[in-house]
Amino acid sequence: MARVLVVDDEPGLRTAMTRGLTAEGMEVVARGDGDSALEAALTGTFDAIVLDIILPGLSGYRVLEQLRAAGVDTPVLLVSAKDGEWDQADGLDLGADGYLVKPFAFVVLVAQLKALLRRRDAALGRVGQRVRLGSLVVDPVARAVSFDGEPVELSPREFALLHALASRPDTVVAKDELLRIVWGDEGAASRNVVEVYVGYLRRKLDAVGAGQVLRTVRGFGYLVSSS
């Protein structure tokens, strides 16, 4: 499931895009201003960003500029009522991966997003990008984890479990879903195995002072908190 950040200050359009992309099987997080959008985008936990240019607070241009300066390379699709060639060139020069002029057909938005996601998957080999949640950094390319600059030594399974949770911050992930993501099949291991590995992971995070990052939500599953 692709995780998409939708940023637009028009409540009606923001709601419509959220509903439409959710119906397309995407997990959507919506923001209505530039400052909160930048805060969310800097976590690096999104597969793509739909970013309006005219926003309260930071403009879409400034959000994109700061995102790229911070080394976050999440694909960004700029959307704007500005249809001038210079506007599009400015956005692309700042690091945008696409530009869509309002008003646009929803099917065109979906097609452009899917194209960005395909290119992203090909470039990353479907591994994923670095996730930053406060002092916690999870790097799927290097298979490395650190907290406050202190390395956290994890087994491959523990790493996969943490990455699955950190890629969806502040979202409860059920045991059955973790079985599918980390073990590849709900039938490949028991739900108790998830509990065991969460225990392993929690002890190693505790050892570097990061125990508060991983939480259990009784009856539902687990989450990694960005706060």
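Trainee: Which residues in α6 are buried?

Mentor: In α6 they are Glu 158, Phe 159, Leu 161, Leu 162, His 163, Ala 164, Leu 165 and Ala 166. Buried means under 20% relative accessible area, exposed means over 50%, and partly exposed is in between (1.4 Å probe, protein chains only). Before we go on: this is a predicted model, where local features need pLDDT of at least 70, side-chain atom pairs count only at pLDDT 80 or more, and totals for chains, interfaces and linings use all residues. Residues are numbered from 1 along each chain as its sequence is written, and side-chain values use heavy atoms, with hydrogens and water left out.

Trainee: What makes α6 largely enclosed by the rest of the structure?

Mentor: Count its residues: 8 of the 11 in α6 are buried, so the rest of the structure largely encloses this helix. By the way, helices (H or I, at least four residues) and strands (E, at least two) are DSSP runs, numbered from the N terminus. The protein has 8 helices and 11 strands, and 47% of its 227 residues count as buried.

Trainee: Which strands does α6 lie across?

Mentor: Helix α6 (residues 156-166) lies across β6, β7 and β8 (144-147), at about 115 degrees to β7. For such angles, axes are lines fitted to C-alpha atoms, for helices over the stretch in contact, and the angles run from 0 to 180 degrees between N-to-C directions. Contact means heavy atoms within 4.5 Å.

Trainee: What is the order of the strands in the open sheet with antiparallel pairing?

Mentor: That sheet has 4 strands, in the order β6-β7-β8-β9. β6 (131-133) and β9 (150-151) are the edges: each has a single partner strand, so one side of each lacks a neighbour in the sheet.

Trainee: How many bridges link β1 to β2?

Mentor: β1 (residues 3-7) and β2 (residues 27-31) pair in the parallel sense over 5 bridges. Val 4 has Val 28 as its bridge partner in β2, while Leu 5 stands opposite Val 29. With β3 (residues 48-52), β1 pairs over 4 bridges, also in the parallel sense, and there Leu 5 faces Ile 49.

Trainee: What makes β1 mostly covered?

Mentor: 5 of its 5 residues are buried. Arg 3, Leu 5 and Val 7 point one way, and Val 4 and Val 6 the other way.

Trainee: Which elements make a right-handed β-α-β unit?

Mentor: They are β1, helix α1 (residues 11-23) and β2. Right-handed means that, with the strands pointing away from the viewer, the path from the first strand over the helix to the second runs clockwise.

Trainee: Why is the pair of Tyr 197 and Tyr 200 called edge-to-face?

Mentor: Rings of Phe, Tyr and Trp (its six-membered ring) pair if their centres lie within 6.5 Å; planes under 30 degrees apart count as stacked, over 60 as edge-to-face, and the rest as tilted. The centres of these two rings are 5.2 Å apart and the planes stand at 75 degrees, so edge-to-face it is. A search of the whole structure finds 1 aromatic pair. Both residues lie in helix α8 (residues 191-207), 3 residues apart, about one turn.

Trainee: Why does Tyr 197 count as partly exposed?

Mentor: Its relative accessibility is 23%, so Tyr 197 counts as partly exposed. Tyr 200 is partly exposed too, at 35%. Asp 93, at 67%, counts as exposed.

Trainee: Which ring does the charged end of Arg 3 sit over?

Mentor: The ring of Phe 46, at 4.5 Å from its centre. The rule asks for NZ of Lys or CZ of Arg within 6 Å of the ring centre and within 35 degrees of the ring normal.

How values were computed:
Two strands pair if DSSP finds at least two bridges between them.
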